[in-house]
Amino acid sequence: MKIQEQYIKRCIQLAKNGLGTTYPNPMVGSVIVYDGKIIGEGWHKKAGEPHAEVNAINSVKDKSLLAKATIYVSLEPCSHFGKTPPCCNFIIENKIPNVIIGTVDPNVKVAGDGIKRLIKAGINVTVGVCEKECLELNKRFFTFQTKQRPFIILKWAESQDGFVAPSEKIERKPIWITNQYSRQLVHKWRSEEQSILVGTQTVVDDNPKLDVRDWTGNNPIRLVLDQNNRIPENSHILDNQFKTIVFSKNKDIFEKENTIFESIDFKKNVANQIVSTLYRHQIQSVIIEGGKQTLQTFIDNNLWDEARLFIGKVQFDSGTKAPNFTKNQNVKLNIENDELLISRNHDKYNNI
Ligand code: AOF
Ligand code: ZN
């Protein structure tokens, strides 16, 4: 591995210390290298607090070394006044002659402007070291910024023979396709996303809690479709325990502190209306856990980024067929550990 890649990988490691606390900002890490040694490190901890580069520069004991050093950062240094002043100014003021960047910041307030300013100040700038990894690190933030919608993950479990549920005549009570470990993994996944969506039938049939009880972490905001107010009032999803958004035809009267209603037109494109509502709520990611119809709606509208499939050992012979990807979708298959992960190419991020 090239030395520059090693340092950017260290930036990514540092950035991950901010997992779960930087929202709505991205996770960013930075290291400062002089004479083949790391002399400073930092990461962005929390929105409103200093950015990664500022923390890295401030951690350097002998500031006179900065004039001969190289700063590595996983994301382009910002050039705007947000909650904090521009990082590129701080780099210029500290006379750091070399800047190596993982990827461009897609935020329209930055979007290459930080790089331009550094170059204008006479700094040597390299962009695109371990770019793929840096994009993956902040895939939710990047999608939100570039597509004005959340990052969308589809999740389902299917039987060996491709059914998500057996025929009603065979069995009505829920049947587990996956084992306890994959169920725990699903709770981990839920804790990593800002929201979780299910359709009406899933709530009516399974009365899911959609929480992370088998994992330590945050419960995502629950989202549910309820066109005709079919969801029973005593469903777990309406228990007001944590934030829930119900998409229905009209705003309902029993809106509570944690349960809000968003009206959408079910005669128009439902998937589009959901994602634009989530964008309005500043929700950067959603995991869609069913049912089949809801998942298929997002696939048919080409509104998804990653699909995570469990294929169980059980055979159903008949029942509800698993969702189908459409022919023109660019589906890339990755097998990671035990899980079958189908994720789309991230080439789309290169256009920022
Ligand atoms: C960096 N380094 O560590 C981060 C950056 O409101 P502010 O001032 O915190 O600015 C937030 C924006 O700054 C955020 O949307 C993203 O574009 C960029 N984040 N930039 O140079 C960092 N976290
Ligand atoms: Zn910054």
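I looked up the domains and found that the C-alpha centres of domain 1 and domain 2 lie 36 Å apart. The assignment gives domain 1 as 1-141 and domain 2 as 150-344, with bounds that come from an automatic or database domain assignment. Five residues from domain 1 and five residues from domain 2 make the contact, where contact requires C-beta atoms, placed from the backbone, within 7 Å. On the side of domain 1 that touches domain 2, I noted two nonpolar, one polar and two charged residues. Here Asp, Glu, Lys and Arg count as charged, Ala, Val, Leu, Ile, Met, Phe, Trp, Tyr, Cys and Pro as nonpolar, and the others, Gly among them, as polar.

I recorded that this is a predicted model, in which local features need pLDDT of at least 70, side-chain atom pairs count only at pLDDT 80 or more, and totals for chains, interfaces and linings use all residues. Residues are numbered from 1 along each chain as its sequence is written, and chains are lettered from A and ligands numbered from 1 in the order in which they are written.

I next looked up Glu53, which the UniProt annotation "active site" (unreviewed entry) covers; such annotations may be inferred rather than shown by experiment. Glu53 is in helix H2, residues 52-58; helices are DSSP runs (H or I, at least four residues), and strands are runs of E, at least two. Glu53 counts as buried because 31 other C-beta atoms lie within 10 Å (buried means 20 or more, exposed 12 or fewer, partly exposed in between, with C-beta atoms placed from the backbone). Leaving out residues up to four places away in sequence, Glu53 touches Ser30, Ile71, Val73, Pro77, Cys87, Phe90 and Ile91.

Last, I located Lys209 in the loop between helix H8 (200-206) and strand E9 (221-226). Lys209 is partly exposed, with 14 C-beta neighbours inside 10 Å. Ser235 is 26 residues from Lys209 in sequence, and their C-alpha atoms are 8.5 Å apart in space.

Definitions and conventions:
Contact = placed C-beta atoms within 7 Å.
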